[in-house]
Each structure stands twice: as structure tokens, then as C-alpha cells.
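Biologist: I'm new to this one. Could you put it on screen and let me ask a few things?

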Amino acid sequence: MIRRRKVKIWLLVLGVLHSIVICAGFLAPYDPVEQDRKNPYLPPMRVHIVDARKHFHVRPFVYAFQLRPGAFDQYVEDATQPRPLKFFVTGDRYRLLSLFAARFHLFGVENGRIHLLGTDAFGRDQFSRLLFGGQISLFAGLLGAAFTLFIGWCIGAVAGYFGGWRDDVLMRVAELFLALPWLYLLFALRAFLPLTVNPLQAFFLIVAVIAAVGWARPARLVRGIVLSAKEHDFVRAARGFGASNFYLLRRHILPETSSVLLTQAAILIPQYILAEMTLSFLGLGVPEPVPSWGNLLSNLQQYSVLVSYWWMYLPALAMVPFFLGYLGLASALQERPNPYTIERRSLGSLA
Amino acid sequence: MSYLLRRLAHAFLLIIGVSILAFLFTTLAPGNYFDEMRLNPQIAPETLVALRAQYQLDRPLPLRYISWLNSVFHGQMGFSFAYNAPVAPLLLVRAKNTLLLTVTATLLAWGIALPLGVWSAERLGQFPDRVISWGTAALLVVPDLALALGLLVLAVRTHWFPTGGMTSVEFESLSTLNKIRDLALHMMLPVAALVLSTLPLLVRHVRAAVAEVLHAPFLLAAEGHGIPRITLLFRYALPAAANPLLSLFGFSIGALLSGSLLIEVVMSWPGLGPFLLEAILARDIYIVIGGVLFSTIFLAAGNFLTDVLLYWLDPRIRTESASR
């Protein structure tokens, strides 16, 4: 029962995290590709409630930046220009869930702009890019995992149910895929696909590449379950009554694989998000100007950015809560009563 | 013995399979190294045709595979378009740098993980175990990309370690001792990133494996004989828990050439990682195939090593294979 509650809690955490990213258009103050070339590499703005003269304000505000005298890329806060935070403001047009056009944003400022995580080389708001980038990265992970599980499920079912030469061939190929390290496989597969494509093609290309890499492990797990499930008495009975292969698989055997698939999903999704990030970081994935968590970080490959604009690193931390969520979910799903603690307790009572 | 022979054959088949797979993917690939030259008005189309013929890109795939196999047996592994040189020597230089990094990191990671894991298992559920569990969990949720970049940002802002490359500019003029020091300083960051990213998994596996055997009757008996705790843990418990750990160690060996790709790129370590990335972007396919093959050979070797070690240490496998 505790296990079930843990699963529910982690699912809730993940649900909240994903809704944040889904509602990127509403939560982000600006369009992710909108440029402001006069303000490149602005540092993150601090939200104040106490102003320079120690006066308290109910409405939080940020200060505008001005160039530090004598410098061309260093900014200091300009205490004469407070920008009060306004909530539910109208701003850039976006599509919520890519369905409803809307102009409402959770927050914004009236005169000037607000950049909670600073801006990049083109003055684009990093906070907005982070939220919209999450849509690409998370969606790539989810879609990739769904494809992988589907492929692995089909292959595992065929190999386990029909056995014989089909089993041999499929499992040898699976071993091949299992033996190769996934990043290498990802690299190699990506190497042999077109390099310059538009963002949408790139996205689906990546999803396909990622999905093609990971099917072997779920396939083997599903195969194992199918192997044992097809020997159940009720399955044999159904077969005796003349049930077709397809019916047996659909009605009696494949439902048993659901818990394995769920656990595998919880393990695969964060891996795949990371895979998308890695590819995009290396310039093999989703290209600019479309943001993704990977290509937000690729700026850091320039030494000057690394030295001078440390806040460009902040998007790297965005996936930590997601990883935590999926890790927690996976371990809650895998949890079994631990024989060692039980054994230990009985031993303790002996001593 | 037939068991080991079978495993060896298996490893060999794996390598062959991967090389064929890599070649198959090249046919699916649109474009090749000479495609960009087509845009150059100063290069005649006939030249391109000649170039393609020279590098045998116009021949059918099976023939190309056979001639590539031939060059593998001559220690060349194909020919790089970009470097205009055989692939194997190029790869060897980079592989040496990668190995320097990964061997150090692997030894270090295991050296830390074994005592930590054993300690954690011994104090299962107590304070040290909790601290270690939380620590590994925290490391586990920070992806290696974020970890490596974070270390890099830290190093750049504190100037504690040099960032990027393998040696300083003045490396050649340094004395031997200073050369080693310089190299060690440059290795610090990538090794730290590698160790931190592999450590949590290792610690968790050691902990689980040792915890499993720790309450076995023979250990209770040993304890009853008054054998010191340390001896008990490392001399008796650890070997008994070795089976899953040996598989993991084989995996570590197998990942020596492939586990550090990303971190090498991030830290600009002149190993296989950046080299392969460059080759991918340039469509220098033989380097990519060579790199994949190199790492597969290591993987197969790592797997085989595991089998040998398990065969040697675990009598159950010997009897099982004999009865077959």
C-alpha cells in the first residue's frame, strides 16, 4: 500500500512539473525567439521588494540594467528605474497546448522587459526559452520512449510467443544493440542521417534515432514475461478452446507486461530527454532558433561565454527536478519487500 | 574450456555484426564527404567523379565492405578523407588520450566505490548508509552533461584548475616532473566529472551485493571465530558478493573507450569524443566506423573478461558449462 502511495506522489510531482512546461506560453513572459539586440547577455534580474532607499513595496519589482561606465558588456542595476511586476498582463501571442491562441501571460513588466534568467547573445529571454525548450526536450523524451516501448513490446511478444528461429534472430540482434553503448549508437546512427534539416524534421529525426537505439532491453523483458505467461494454465485452456494467437496475446498474455512497460517508461524517459539534450548540445539535434534544453547549453561551448556569462549555465539545472521525479517513480515502481531487512530483523531478535 | 571458447566466438561475432551494421547505415546515409565540393565552381565534376572512384565510393556496398575488411587486416581500418591518411593510426593516438583519462577515472571510481559501498552495507539503515544513499541519489539526478558543465563553470570562475586541452602551451619546455604535474592538473576536471557520474551506480551495486551476503551463516560463523571486522568485510564478504560486481567491472572495462565521449567534448579533451564528433560533422565515414569498431572491440573484450573472471571465481558456472 505504501508503494502505491509513493507511486501516486511521484506521479503527482511529475504531473505538476510537466504542466509547468506545457503551459510555457502562459508562464513565460516573452516569445522564445523574439530578439532584443540592444540587450545581449543581460544577467538574471533580481526580484526586489525593498528599494534602494529601504522602502518596502507590496508589489515586487525589478530594476532595469544600465551599462557599467567604461565597460561594454557589464551591467549594473539602475536604481532610478524600477519596473514593477504586473500579473496577468497581455503580451506576445502564443498558442496554449498549440490549440488556443492567447495573449495572457502570468507576469510581465510595463516599461521595458523582465529577464529572470538573463538574456542570450541575441537578447532573447532565457527564462522563456527554458520553458519553451522544455516542450521540445520533454516531448522528444516522451515520444521516443513511447516508440521504443512499442517496438520493444512487439518484438518481445513475437520472440517470446512464437519462439524458434524468430526468437533466435531477434534476440541476437537485441544483444547487438544491448552491447553497444547508447551514446555511441546514437552518434553512429545520427552520423549516417542528413545533417542540415529544418527544426521539425530534426525533431522527428532525433525521436526516431533515439527510439531505434533503446528497444532491446524492453524487448528482452517483455519476451521473458511472455515466455512464462504463455505456459499459464488459463492460457493453455483458452488455446484448447481454439483461441487464435492474436486473441491469446491480446487478451491473456500482453496485459501481464504492463507493469514492466511502466517501469521501463519511467527509466527510459529521462534517459531519452538526456539523449535529446546531448544531441542538441553537440549541434546534431534541434537547430536554432527553436529552443531545446540541449541547444540552450551549447552556447557554453564558447570559452568567452563560459568565462563571462555564468548564468547561461542555469538551464542545465532545469532537468534535475524532472530526473528526480522519474527516478523516484522508477524506484517506487520497482520496490519490493526487501528480504535482507526482514532477515536482519529476525536475526536481531535472535541476538 | 568450451564455455570460454563459446564466449570468445560470441565476442568475435559481435564485432563482425557491428561492423556490418555500421556499413549498412552508410548506405542509408544521404550525401558523402565530397558533396560539399560540388558547390565549389572551381572543382570540375570530373574531378569529383575521379575522387569518388579513388576512394571507392562508387563501388557497391559488399565490395566496399570486403576491401575495408582487407584494410583492417593490414592495420589500416579504411582511409580518412579529411586527414588523407589511414584511419587506425589516427584513432590510436586519440584512443591513447581517452584511455589515459578513463583508466584513471575507472580506477579511482572503483577505489572509492568499494570501501564506500561496503561501509554503507555494513551500516545498513544507519547514519553513514543514509548519508551515502542520499549522496548517490543526489549525484544520480544530476545528468552528466550538467555535471561536466557545472564543473567547468566552477573551474573558470575560481581558476583552480586549467580548463580544456590536455597540456599547457609551454608543455614541451617543462621538466619531466612538471610535465606530469601539468598533465595531472589538466586531467583533474574531466576525471572528476567521469568519477562523479559513474560513482553512484557503482556504490549502489556494491552496497546491494555486499548487503546480500552480509548475513549469510558462514559470515556469522567467521564473526564467531573472532575474525576482525575489516578482514571479515573485505576478505570474506566482498569475494562472496563478487559475482554481480564482476559483471559491472567488465562493463566498466568495456566502457573505457566509449563512456567518456560527452565529457571529452565538453572539456575539450583531445580524445576520441571530439574526434568522432568532427568526423560525423564532416561525413568522414571511415573514421566513424573505425571509432565504433574500436569501442566495440573494447566492449567485447570487457564482456569476455567478465566471463573469464566469473568462470575462474564462480565454481557454479564451471559445473554448469561442464554438464551442458
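Biologist: Let's begin with chain A: what is the order of the strands in its open sheet of 4 strands?

Modeller: Keep in mind that this is a predicted model. Chain A has an open sheet in which the pairing is antiparallel. At its edges sit β1 (48-50) and β4 (100-109) of chain A, each with pairing on one side only. Reading across, the order is β1-β2-β3-β4.

Biologist: And by how many degrees are neighbouring strands of this sheet turned against each other on average?

Modeller: For this angle the direction of the strands is ignored.

Biologist: Which residue takes a positive phi in the hairpin of β1(A) and β2(A)?

Modeller: Strands β1(A) and β2(A), the latter covering residues 56-67, run antiparallel and are joined by 2 bridges. One bridge partner pair here is A:Val50 with A:Phe56. The hairpin has 5 residues between its strands, and the one with a positive phi, near 65 degrees, is A:Lys54.

Biologist: Moving along, what is the bridge partner of A:Tyr63 in β3(A)?

Modeller: β3 of chain A covers residues 75-96 and pairs with β2(A) over 7 bridges, in the antiparallel sense. Along that pairing, A:Gln66 has A:Val76 as its partner in β3(A). For A:Tyr63, the partner in β3(A) is A:Pro82.

Biologist: How many bridges pair β3(A) and β4(A)?

Modeller: This pairing is again in the antiparallel sense. One place to look for it is A:Val89, whose bridge partner in β4(A) is A:His105. For β3(A) with β4(A), the number of bridges is 8.

Biologist: Over to chain B: how many helices and strands does it have?

Modeller: Chain B has 324 residues, of which 35% count as buried. Its C-alpha trace spans about 85 × 60 × 40 Å along the principal axes. Of contacts in chain B with a separation of 6 or more, 74% are between residues 24 or more positions apart. In secondary structure, chain B comes to 14 helices and 2 strands.

Biologist: Is the crossing of α12(B) and α13(B) left-handed or right-handed?

Modeller: Helix α12 of chain B covers residues 272-282 and helix α13 covers residues 285-313. Their axes come within 8 Å and cross at roughly 145 degrees. The crossing is left-handed.

Biologist: How many nonpolar, polar and charged residues does the contact of α12(B) with α13(B) have?

Modeller: From α12(B) come B:Leu272, B:Leu276, B:Ala279 and B:Ile280, and they meet B:Ile287, B:Val288 and B:Gly291 in α13(B). The tally is 6 nonpolar, 1 polar and no charged residues.

Biologist: Now for confidence: in which helix of chain B is it lowest?

Modeller: Chain B averages a pLDDT of 83, and 94% of the residues score at least 70. Confidence in chain B is highest in α4 (residues 87-122), at 90. The lowest mean, 63, belongs to helix α14 (residues 315-323) of chain B.

Biologist: And over which residues of chain A does pLDDT stay under 50?

Modeller: Chain A averages a pLDDT of 81, with 91% of the residues at 70 or above. Within chain A, helix α3 (residues 126-162) has the highest confidence, at 90, while α14 (residues 339-350) has the lowest, at a mean of 43. The model has 7 contacts beyond four places in sequence for the stretch where pLDDT stays under 50, residues 338-351 of chain A.

Methods. Residues are numbered from 1 along each chain as its sequence is written. Chains are lettered from A and ligands numbered from 1 in the order in which they are written. This is a predicted model: local features need pLDDT of at least 70, side-chain atom pairs count only at pLDDT 80 or more; totals for chains, interfaces and linings use all residues. Axes are lines fitted to C-alpha atoms, for helices over the stretch in contact, and angles run from 0 to 180 degrees between N-to-C directions. A crossing is left-handed if the near helix is turned anticlockwise from the far one by less than a right angle, and right-handed if clockwise. Two residues are in contact if their C-beta atoms, placed from the backbone, lie within 7 Å. Ala, Val, Leu, Ile, Met, Phe, Trp, Tyr, Cys and Pro count as nonpolar, Asp, Glu, Lys and Arg as charged, and the others, Gly among them, as polar. A residue is buried if 20 or more other C-beta atoms lie within 10 Å of its own, exposed if 12 or fewer, and partly exposed in between; C-beta atoms are placed from the backbone. Two strands pair if DSSP finds at least two bridges between them. pLDDT is the predictor's confidence in each residue, from 0 to 100.
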